[in-house]
Amino acid sequence: MYLYIIKRVLLVIPTLIGAAALVFLLMRLIPGDVCVIRLGSSGGTFDPKAVALCHQELGMNRPIWVQFFDFMWGIVRFDFGTSMWSGKPVTTEIWARLPVSLEIALLGSVLATVIAIPLGTLSALRQNSWLDVFVRVFAIGGIATPSFWLGIISLLIVLDLTSFFLGAAWMPPIDYVPFFEDPIRNLSMVLLPAITIGYRYSAITMRMTRSTMLEVMREDYIRTARAKGLIHKLIINRHALKNAMLPVVTLIGIEFAFLIGGLVVTEQVFNLNGVGRLFVQAVQNQDYTLTQALVMMTVVVFVFCNLVVDLLYAWLDPRIRYS
Amino acid sequence: MPALLEIQNLHTEFRTGAGTIHAVDGITYSVNAGETVAIVGESGSGKSVGALSILRLIPDPPGRITQGTVLFGGRDLMTLTEEQMRQVRGSEIGMVFQEPMTSLNPVLTIGRQITETLEQHRGVDRATAQKRAVELVGLVGIADPIRRLKQYPHQLSGGMRQRIMIAIALACDPKLIIADEPTTALDVTIQAQILELMKDLTHRLGIALIIITHNLGVVARYANRVNVMYAGRIVESGPARAIYHTPRHPYTIALLRSVPRLDRPRQARLDPVEGQPPDLTRLDAGCSFRPRCRFAIAACAASRPRLEATSNPGQSAACFRADELASLTGTNEAALAGAPA
């Protein structure tokens, strides 16, 4: 078991190196660069000398392999440099935006899981009942509805309802306040986006829970549990759920990792200053250092989530733990 | 003394897209306390469904028990509430399934799977249940019980897992154990061990046993009485010895002839039961074995023979020509003379 964990953790290193090399190369394959964009933003012609000076300032005139090793050496020291666009340290830029994205992702995941697992289970246990039909329609809706549309609609609903009942339209605040400073203000900001992303997330999780639960309930060991005369609750909680959760855990882990870097549209709709938006800006500005750092962060989150999923798997399934 | 278990006119059907399957079509038999009764038949004859129906473990839908009474210790199990039925399962009637590889929960320890039955039915605390589990695992012949209880099913061999299943069935001192093809999935050498263990334990503890099998060797060695099933019905019933030596139903005769024999020359060809089992959604009014029967007469197409007493005491058969068969198959006795008794 410990060997398994060590192996899993060591595997992270080549993954990170590969991802770093890939993003470094891909960024430089895009035509133009940050200096051209910066100087040409007014639309007029620009002085090639100014571009050369800018390249020199940013160290982009050095041979490409020197730049690459500089980047890699920086990663090793957790030094991601300064943003080529804003000139501020990359870590400062990311830290300023990470809390809101992380909170929405976490809240969305928790909401989704808390709704999806019980509903998916009930839906499987009462297959073809009205509850099951409702859950299935709800889930299909969640998969089919684009989150930006859902975001806009939910904002409109809040606007209309508040102006109807309170007389004045209310909008969620747009500046982020940490939860522990002002919980109500914080939640009123992140709750809607969390629900918006949580809906799709819970829809997928619900469907997965339902189908694995249906499968597990047909297993021989469930029949054994019934033949032993166990009460229904015990059969479900102890015998069925633990087995059915295996694929669901994988899904939750991957979806969560996806949320950290993939909230671009939702952040746009709710006008949130989060990581997803920063990502888009960084790519548009061809801000190499910032994009590289963001990609590395996303990779680390993915790798970490996968690691957690694998460990959870081992905890849930003794067949993995002892092999 | 009344029988421990009395099944009367039990019907179980499955509703499928292709029509209603009468998997169990009116079976009647009884099991006395401490007795071993075998239910024999080919795949799809309704033997397993019949056994699962006793405990009302038929998945519904598509399955349903439509008729019949199952008197167990004087109570009709079919009229109990689900909660009362739950208290019978695992406590008064234990069950051992065919597939030891999949019948134990892979994510729970062996110990937990034994103790939970005890905690459920006996209301004992964990420590007491644990003590009893150690005892049970020892009883089914597993060495080093304390270590084994901490293990998971995948760490045990098929034979061991089946021993664990037996331990679970025994946990609450049941009066009856139903074993649904308990050895089919095991190696031949292990089969014998498991059967000997079940025979020994049920005799020693005075537990009645219903053993469902398609293996006639098992029947001969372990059962007191035998019910032969075909197409959802019992076609012949009687003491194991009588069924072997003087079978009175053509299907039983065919079954006995299809058993490979090591004590006969190799040149002798196997004599399989010709034809296919009938489609249970399309049974006509006649005898369902008729299309495969060498002895069929006109009467067999007109109506279905009932299970009736033959000239042999204690033996009944559902065949119009049951009493004639002895003379019609004169060579049968000789051919079967070597059969184990």
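## Exercises on a two-chain model

Strand β1 (residues 5–16) of chain B runs antiparallel to β2(B), and the two are joined over 10 bridges. Strands here are DSSP runs of E with at least two residues, helices are runs of H or I with at least four, both numbered from the N terminus, and two strands pair if DSSP finds at least two bridges between them. This is a predicted model, where local features need pLDDT of at least 70, side-chain atom pairs count only at pLDDT 80 or more, and totals for chains, interfaces and linings use all residues. Residues are numbered from 1 along each chain as its sequence is written, with chains lettered from A and ligands numbered from 1 in the order in which they are written.

**Exercise 1.** Work out the strand order of the open sheet in chain B, then find its edge strands.

*Solution.* Start with the pairing, which is antiparallel: the four strands go β2-β1-β4-β5. Next, look for strands that pair on one side only, and you land on β2 (19–31) and β5 (75–76) of chain B.

**Exercise 2.** Find which parts of domain 1 of chain A touch domain 2 of chain A.

*Solution.* First grab the bounds, which come from an automatic or database domain assignment: domain 1 is 2–76 and domain 2 is 97–321. Then list contacts (C-beta atoms, placed from the backbone, within 7 Å): 19 residues of domain 1 of chain A meet 14 of domain 2 of chain A. The top contributor is α2(A), with eight residues.

Methods:
Two residues are in contact if their C-beta atoms, placed from the backbone, lie within 7 Å.
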